[in-house]
Amino acid sequence: MTALIEKFETYYAVPHRRLVAIVSLMVLAFAVRYAASFVMPLDVMGDAKAYWTMATKLAAGQVMADHMGNYAYYSAGYPILLGLVCKVFGTTTDVVLWVNSLLAVLAVYLIYKLAISLTQSFAVAFLSAVLWAVDLQSIVTANQIAKENLMIPLMVGVVYLASCYKRAEFWKIALSGVLIGVLLVVGPTGVVVAVAWLFAVMARESGWWRRVAVISVMGLVAVIVVTPWLYRNEQVLSRPVLNSNGGFNLYLGNNEAAEPHYVGIEHTRMAEDWPRLRQERGELVAVDHLVTAAKGYIRENPGAAVLMALKRGLAFWEPPSVRQPGISGAELVIRALWLAQYCVLLILSVLCLCWWRQFLQIYGVIAAYVAIHMPFYVMSRYRLPIMIFLCLLASKAIVGWIKRRSAVLETS
């Protein structure tokens, strides 16, 4: 098997062959997501309805707001992208599929580049790209109006720049600052990828002043990128907020009815007050009330709050459910395949701990991403942005264990 991998690496050592291989995978990624749209109609409900309403209002030249009239409740980055594309190509939900599929194509290319940077192995990089191109949850999400579609390439892009950073490469620092700033507007939880840069500067910059300078410049660029959105919210809501959804989610994760997974506000003691507060006092004041209630609950029940957060850390990795009421046989098969795919990726990623020093940045990002969700609540969709990193770890485990096993057999 080692000889086969070596032949594969040798054959694709030629640049144009590598180019053909990765372009083929990018085409595959687009094709399977586009084909999936014929059996998975786009659902414009819940969060999707909010994002689509925001996008269509932007495309129409109106003040961007969701279907409930909130101006900054949801993160704005993804609907801004959809709105700009709709402005050029027309307001049709077909835009969603094209945008999401192209973002998936970009993610395939970036995970390939990240794997090359970390492992210098084309076999690992190619397999990483293959696993993401055919990842079932990613394919399904490409047919949904979900911000995770945009978060994924942004997050991988930041980690890639950190992985290949060499001393005093200002353009990589600045570009990462831009991507982190965009992530703040798209999905604030994604900014934990900055952890990869902490590892990078500790390893490649000498002296604390240089390390602090790199992080400071990156942070300054991120602030510059996000400032227009903060200014917009200052004008509309009289407060420079990224969004008001974080406080709402904090309350859902810290009240008497809270569970590791999502429990709607209609099941809490704020069920009756929340609609009235939002209508009478506005979205920010209403959310402030929820934040105060959440902090009060944490102060009064610190043990329960910490225990629930730890439960969420475990629930974050809970395998996807196969049996759901009312699903078709075809969906049952897809869910079973998704479960199998997820379990394989997770197990192989754990096995990849044998090479943990090589992937400190990746494990650091994964740990930080899990931790940032623990005070709130978890769901499988929130896990998607880091599943692409598990594809890389799984690929290294497969190739690494084949080589290690072959070496043992040769010496025995």
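Predicted model: local features only at pLDDT ≥ 70, side-chain atom pairs only at ≥ 80, totals over all residues.
**Entry 1: H4 against H5.** I began with helix H4 (residues 77–89) and helix H5 (residues 94–119), which pack with their axes 10 Å apart and at an angle of about 120 degrees. Anything from 65 to 115 degrees would count as roughly perpendicular and anything over 145 as roughly antiparallel, so H4 and H5 come out as oblique to each other. I also looked up the handedness: H4 crosses H5 in a right-handed way.

Which residues meet here? From H4 I noted Tyr78, Leu81, Leu82, Val85 and Cys86, and from H5 their partners Val95, Val96, Val99, Asn100 and Leu103. Sorting the residues of this contact by type gave me 9 nonpolar, 1 polar and no charged.

Entry 2: Is Pro79 buried or exposed? Pro79 is buried, with a relative accessible area of 0%. I then checked what Pro79 touches, skipping its neighbours within four places in sequence, and found Tyr51, Met54, Ala55 and Leu58.

**Entry 3: aromatic rings.** Next I searched the whole structure for aromatic pairs and got 18. I picked Tyr112 and Phe122 to look at in detail. Their ring centres are 6.0 Å apart and their planes stand at 80 degrees; over 60 counts as edge-to-face, so I logged this pair as edge-to-face. Tyr112 sits in helix H5 and Phe122 in helix H6 (residues 122–133), so the pair ties together parts that are 10 residues apart in sequence. I looked up accessibility for both: Tyr112 counts as buried at 9%, and Phe122 counts as buried too, at 0%.

My other pick was the pair formed by Tyr377 and Tyr382. How is this pair arranged? Tyr377 and Tyr382 are tilted, with 35 degrees between the planes and 5.8 Å from centre to centre. Tyr377 has 6% relative accessibility and is buried. Tyr382 has 14%, and since buried means under 20%, Tyr382 counts as buried as well.

I also wrote down one aromatic cluster, made up of Tyr51, Tyr73, Tyr74, Tyr78, Phe248 and Trp274. Two of these names were already in my notes: Tyr51 as a contact of Pro79, and Tyr78 from the H4 side of the contact with H5.

**Entry 4: positive phi.** Most residues other than glycine have a negative phi. With that in mind I noted Gln120, where phi is positive, near 55 degrees. Where is Gln120? Gln120 is in the loop between H5 and H6. Gln120 is exposed, at a relative accessible area of 59%.

Ser238 went on the list too, with a positive phi of about 65 degrees although this residue is not a glycine. I found Ser238 in the loop between helix H11 (208–237) and helix H12 (245–253). What does accessibility say about Ser238? At 59% relative accessibility, Ser238 counts as exposed.

Technical notes. Residues numbered from 1 in each chain as written. Heavy atoms only, no water. Axes fitted to C-alpha atoms, helices over the stretch in contact; angles between N-to-C directions. Helix = DSSP H or I, 4+ residues; strand = E, 2+ residues; numbered from the N terminus. Parallel < 35°, antiparallel > 145°, perpendicular 65-115°, else oblique. Left-handed = near helix turned anticlockwise from the far one by under 90°. Contact = heavy atoms within 4.5 Å. Nonpolar A, V, L, I, M, F, W, Y, C, P; charged D, E, K, R; others polar. Phe/Tyr/Trp six-rings, centres within 6.5 Å; stacked < 30°, edge-to-face > 60°. Buried < 20%, exposed > 50% of the residue type's maximum accessible area, 1.4 Å probe, protein only.
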